[in-house]
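Please read the points below beside the sequence and the model. They take up selected salt bridges and then the relation between the chains.

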2 protein chains.
Amino acid sequence: MTKHIYIFSPSSAVRDKPAFRRGVLRLTKLGYEVEVDAAALSSHQRFAGDDETRLAAIHRAAASGADVALISRGGYGLTRILPAINYKAIAKAVDKGTHFVGLSDFTALQSALLAKTGAVSWSGPALGEDFGVDGEPDDIMEACFDDLITGQGEGTGWRLPPSAIKEGAASAIPARAGGVFSINNATLWGGNLAVLTSLVGSPYLPAVKGGILFLEEVHEHPYRLERMLTTLLHAGVLAQQKAIVLGQFTNYKLVPHDKGFKLATVVAWLQKQIKAPVLTGLPFGHVPTKVLLPVGEKVVLTVEGRDAFLLWSHAH
Amino acid sequence: MTKHIYIFSPSSAVRDKPAFRRGVLRLTKLGYEVEVDAAALSSHQRFAGDDETRLAAIHRAAASGADVALISRGGYGLTRILPAINYKAIAKAVDKGTHFVGLSDFTALQSALLAKTGAVSWSGPALGEDFGVDGEPDDIMEACFDDLITGQGEGTGWRLPPSAIKEGAASAIPARAGGVFSINNATLWGGNLAVLTSLVGSPYLPAVKGGILFLEEVHEHPYRLERMLTTLLHAGVLAQQKAIVLGQFTNYKLVPHDKGFKLATVVAWLQKQIKAPVLTGLPFGHVPTKVLLPVGEKVVLTVEGRDAFLLWSHAH
């Protein structure tokens, strides 16, 4: 049966319309039935339509009956409308088989959905930047997306950077059974660091205990990353997790007066603040090669030497 | 008696050493006895010395017996050392007459001090950027500083921008006694928006109810300001205040795709989210003309037409 993808715009206005069109074409060529929300190309100030327009789009996506509700892009716009979203309607759609997929600003909706209903959504691609690239979309991203939509995805694996072994794993992870360890039955959650951090103190941040928190960011200097991580630390969020998994932190600019303060400095600092292991190198973030991750799903995290695996038991 | 000023560096390393020297010279010429902390010009990565060095500097400032303990500059470095600061020692120094003065990153210490002890500190200038400017320091800033150190300051006043009357006051403030209203016995608190927001959910954010919250920021696009304000909103902080007073938001860059989304848009949005009045134009922030404000002090806010006054009853 042809799989049905619903494209909607809950955040910033789509500016790169050729990328939008290429994305729709690509998904169509991959054999999916693509439905574009009526307001997907709406524009109001920075936003993809005013607040009411974007809320209606989210609720149409929930009512679409699609296999995947995919965001056109991230940007900014969800945090301010979180109180007006009908989370029960989204959870009902999820229950009926609609997978909500997106990233970046979409972290706000995903976190709030998990906090309010426990429903699982997916951190993954956006239409324009991932399927609509000028050239071939990333094959790992496409394979993971296909795994999700066909119900074959069971997990993901990646190679830990050597530095993670030195700075993180080796020092912080108790050596178990010859460098092999597993964390079972932990809730996977997370997404964009700035967006997630902006939810601290609100009813939209899930109270996940014993979880595995994954984080990514773009355009933020390491000192700002550290300040955001400090917010999660001082709010008690980090101490409640069984592992922190860092994805890709990209497109920031170091300056001469950093004098050696860099991303690795922040990762090492973070590892000193908490007992749980801090793993790095997860292929997720504002980069072409991104895996899809079930936010709110129970997972198993396994590390064998430099190989890390995140496995989710349920079929989707 | 000659007033004693203690200069210390709790945050970023002093990079502009000529400005530092000019600042010391200026304060000396103004008739103050200036004492420079041993680590004031220390440097470690981005920081004015490593965490232990900066903590020791803060505690030396508290033990200095000075009339004013003034930061050399802001930057970044306080949030990560908040758990290790001896707030009782600072509160004891405040009680004995030391006024802690600073801004920007210093907001973290000021907020934590208020949260932990109730002690009052002062939002105001930094040595280098204010007293150490190449040319004459701002005379209003210097007059306010002199008022503080000589115990003559009783408050501050400013002219509300016309837009504040249209967008804020007129719509949101109930007309009382012919456009005149007062808020009495409210705790003044606040500072830098990003730093304050980074404390949400932590024990370092004061739980001020019925307060007057003042905010300023630099180098942050209005959409990011809005996201930070949304954090304070969703955490319930804004609803607990009797007034929000916005200082100067400077040095950000609008882009073509903002399409009309600007600072005034955010201020108007903010006013719609809360019942308390949102006043603008407070002369405080990353600008030369800045008043000094007692964080944690009980104040009276009075608005008479376009004239706003913040008065603190106690002499300092």
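1. K290(A) forms a salt bridge with D130(A), their closest N and O atoms lying 2.4 Å apart, where a salt bridge is a side-chain nitrogen of Lys or Arg within 4 Å of a carboxyl oxygen of Asp or Glu. The pair links distant parts of the chain, 160 residues apart, with K290(A) in the loop between β10 (278-279) and β11 (293-295) of chain A and D130(A) in helix α5 (residues 127-131) of chain A. Both K290(A) and D130(A) are buried, that is, under 20% relative accessible area, while exposed means over 50% and partly exposed in between (1.4 Å probe, protein chains only).

2. This is a predicted model, in which local features need pLDDT of at least 70 and side-chain atom pairs count only at pLDDT 80 or more, whereas totals for chains, interfaces and linings use all residues. Residues are numbered from 1 along each chain as its sequence is written, chains are lettered from A and ligands numbered from 1 in the order in which they are written, and side-chain values use heavy atoms, with hydrogens and water left out.

3. In chain B, the side chains of D130(B) and K290(B) meet in a salt bridge at 2.5 Å, N to O. D130(B) is buried at 4% relative accessibility, and K290(B) is buried with a relative accessible area of 3%.

4. A rotation of 180° with 0.0 Å of shift along its axis superposes chain B on chain A, with an RMSD of 0.0 Å, by least squares on the C-alpha atoms of residues with pLDDT of at least 70 in both. That is the relation of a two-fold axis.

Note on methods
Helix = DSSP H or I, 4+ residues; strand = E, 2+ residues; numbered from the N terminus.
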